[in-house]
Amino acid sequence: MSGGRGPAVRRHRRPRPPATALVAFGAAICLAAGSGVGLATTARPPVDPPAATASAPSPLAAGRPPGCAGECPPAARSAPRGQPTRVRVPRIGLDAPLAVLGLDRSGALVPPADFDVAGWYGGGPAPGDPGPAVLAGHLDSRQGPAVFARLGELRAGDTVEVRRGGRWLAFRVTGALRTPKDRFPTAAVYGPTPGPELRLVTCGGDFDRRRGHYRDNVVVFAVAEPAA
Amino acid sequence: MHLLRTAPRRLLAGAGALLLGTGLVLAAGLLTGTATPVHAAAPAAAAGPDTGVGYVRLAHLSPDTPSVDVYLAARGAAEPRVFPGVGYGVLSDYLPLPAGRYAVAMREAGAPAGDPPVLTTEVAVVSGEAYTVAGVGRYADLGLRVLHDDLSAPDGGRAKVRVVQASVRAPVLDVACADGPTLATGVQFATTTDYRLVEPGTWRLRLSPGGGRATEAEIRLSGGAVYSLLVLDAEDGGLTTELRRDAQGGTVVPSGGVDAGAGGTAGGGARPGIAVGLAGIALLGGLVLLRRARTTW
């Protein structure tokens with residue numbers, strides 16, 4: 001039902017109809033838009049995905065090949081080093097540098113200062129090391145969509161890649177959730193994990209204009225792709 | 001000219017009414033909290049955090065049982081995952097698996113997949129939870145047990161350790177850190193202890209079988225991690241230990257969520273008052289429109 005609305009609106013605006021009709025019409029449109037419908041379609045048009053995913057021979061050294069119980073070949077086990085520098089998800093046109101994030105005085109994670117830059121929580125595990133590496137980025141700025149604007153489009157099976165130590169580490173999305181910030185699932189997001197995992201966090205839900213913040217967080221969960 | 005003017009207006013009135021209806025329905029949905037505009041597929045928050053995966057690993061803890069092939073199959077799935085030649089003392093890595101029920105079957109190493117399995121069990125995987133499917137006991141009374149592993153974060157950036165007792169030679173065992181906490185006392189063969197909190201760092205362990213000679217071992221624990229200490233019969237007699245890191249987390253966990261948006265793409269719907277106001281205006285406009293349309297006919 002949201003599909004046909006846009007063109008219909010434009011078609012009928014041209015004849016410049018009487019003011020009252022316009023008012024009613026405009027109000028109806030505002031109402032529809034305000035309800036969040038069509039958010040997905042009005043979001044940034046898909047950017048051309050950057051060059052096809054170059055999968056290195058072993059995207060993840062610490063990956064866990066299924067089926068090797070204990071006696072896995074030690075080949076390609078050299079752990080990635082250094083800080084992560086970029087995150088990309090070709091399917092949603094995401095390709096952004098990573099800053100290092102810290103905590104404020106109250107212990108809350110401070111989001112990136114730049115709306116076009118995502119951040120990695122430097123106090124936790126790094127992407128590719130065992131544990132949940134947490135990346136956060138803005139949903140929008142005051143002007144429009146920001147770096148993680150399309151995070152909510154990610155679905156189980158999608159691939160997220162993080163650049164670290166001169167190579168891309170691949171993660172497979174396993175799930176996503178939207179949660180009120182005051183009931184943030186800290187244990188599920190930051191709790192220990194057996195292997196390298198990734199969490200991508202942005203905002204979602206309603207915008208609280210009085211506080212100047214969104215009420216919800218959107219969290220995407222991903223696990224390291226086993227080495228190919 | 002008159003016709004040309006009225007035709008679009010009537011169309012417009014129709015379209016306006018339609019939009020109005022849609023808008024009102026949507027506003028109602030918004031006010032009752034049923035709309036999920038950003039992420040329609042997201043499960044309701046009340047359903048608990050769904051990370052999409054649970055974890056399963058396999059363990060062979062029966063000293064006199066030969067190697068086995070272990071088959072792990074999702075219910076209804078055609079192709080099981082096979083862990084070939086799992087021998088005594090093996091504790092596999094965890095496999096992240098979608099939540100659901102899985103059948104575990106054990107066959108003698110090298111036996112055809114079509115042979116009836118020696119042992120079978122089932123594990124119900126819940127998202128975010130972890131399980132060890134272990135072959136335990138002596139060969140004569142071998143059983144498969146599903147251990148529910150607690151990978152939750154240890155308090156205060158410490159480490160968490162438990163003992164998995166798989167030694168027949170030391171049927172009852174005490175495990176303690178030298179100059180430190182006791183990890184377990186009187187652990188029976190084929191059992192697993194609860195996790196104990198331990199300060200991170202290097203510890204000298206002392207394993208004392210009831211009446212036997214003590215075995216020493218050194219372990220290194222890092223903060224925020226969860227460990228299993230496997231106690232096994234050594235090939236040359238005595239005991240041997242293997243420290244396995246079950247899971248790793250950070251030591252300083254941020255509190256609460258993240259403020260990651262400035263509202264530039266937010267609709268007016270965030271304020272129910274505005275939504276109601278808009279609905280009122282729209283309704284009024286629609287009525288005026290209808291009246292005018294009737295009078296001009």
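**Entry 1: a buried arginine**

I began with Arg57(B), which is buried at a relative accessible area of 2% (buried means under 20% relative accessible area, exposed over 50%, and partly exposed in between, with a 1.4 Å probe and protein chains only). I noted that this is a predicted model, where local features need pLDDT of at least 70, side-chain atom pairs count only at pLDDT 80 or more, and totals for chains, interfaces and linings use all residues. Residues are numbered from 1 along each chain as its sequence is written, chains are lettered from A and ligands numbered from 1 in the order in which they are written, and side-chain values use heavy atoms, with hydrogens and water left out.

**Entry 2: its partner**

Which side chain meets Arg57(B) in a salt bridge at 3.7 Å? I found Asp149(B), with that distance taken from N to O (a salt bridge is a side-chain nitrogen of Lys or Arg within 4 Å of a carboxyl oxygen of Asp or Glu). Asp149(B) lies in strand E8 (residues 143-149) of chain B and Arg57(B) in strand E1 (residues 54-60) of chain B, so the pair ties together parts that are 92 residues apart in sequence. Strands here are DSSP runs of E with at least two residues, numbered from the N terminus. Asp149(B) is buried too, with a relative accessible area of 2%. I also saw that Arg57(B) and Asp149(B) belong to a network of salt bridges with Arg162(B) and Asp246(B). Over all chains, I have 22 salt bridges on my list.

**Entry 3: a sheet in chain B**

Next I looked up an open sheet of four strands in chain B, in the order E11-E10-E14-E15, with antiparallel pairing. Strand E11 (182-188) and strand E15 (215-221) are the edge strands, each pairing on one side only. A reminder to myself: strands of a sheet pair through backbone hydrogen bonds, either parallel or antiparallel. How many bridges join E10 and E14 of chain B? I noted five between E10 (residues 172-177) and E14 (residues 201-209) (two strands pair if DSSP finds at least two bridges between them). Val175(B) has Leu207(B) in E14(B) as its bridge partner.

Arg206(B) and Glu216(B) form a salt bridge, with their closest N and O atoms 3.3 Å apart. Arg206(B) sits in strand E14 and Glu216(B) in strand E15 of chain B, so this pair ties together parts that are 10 residues apart in sequence. Buried or exposed, or in between? Arg206(B) is partly exposed at 43% relative accessible area, and Glu216(B) is partly exposed at 45%.

My last pair is Glu242(B) with Arg244(B), a salt bridge of 3.4 Å from N to O. Glu242(B) is partly exposed at 31%, whereas Arg244(B) is buried at 18%.
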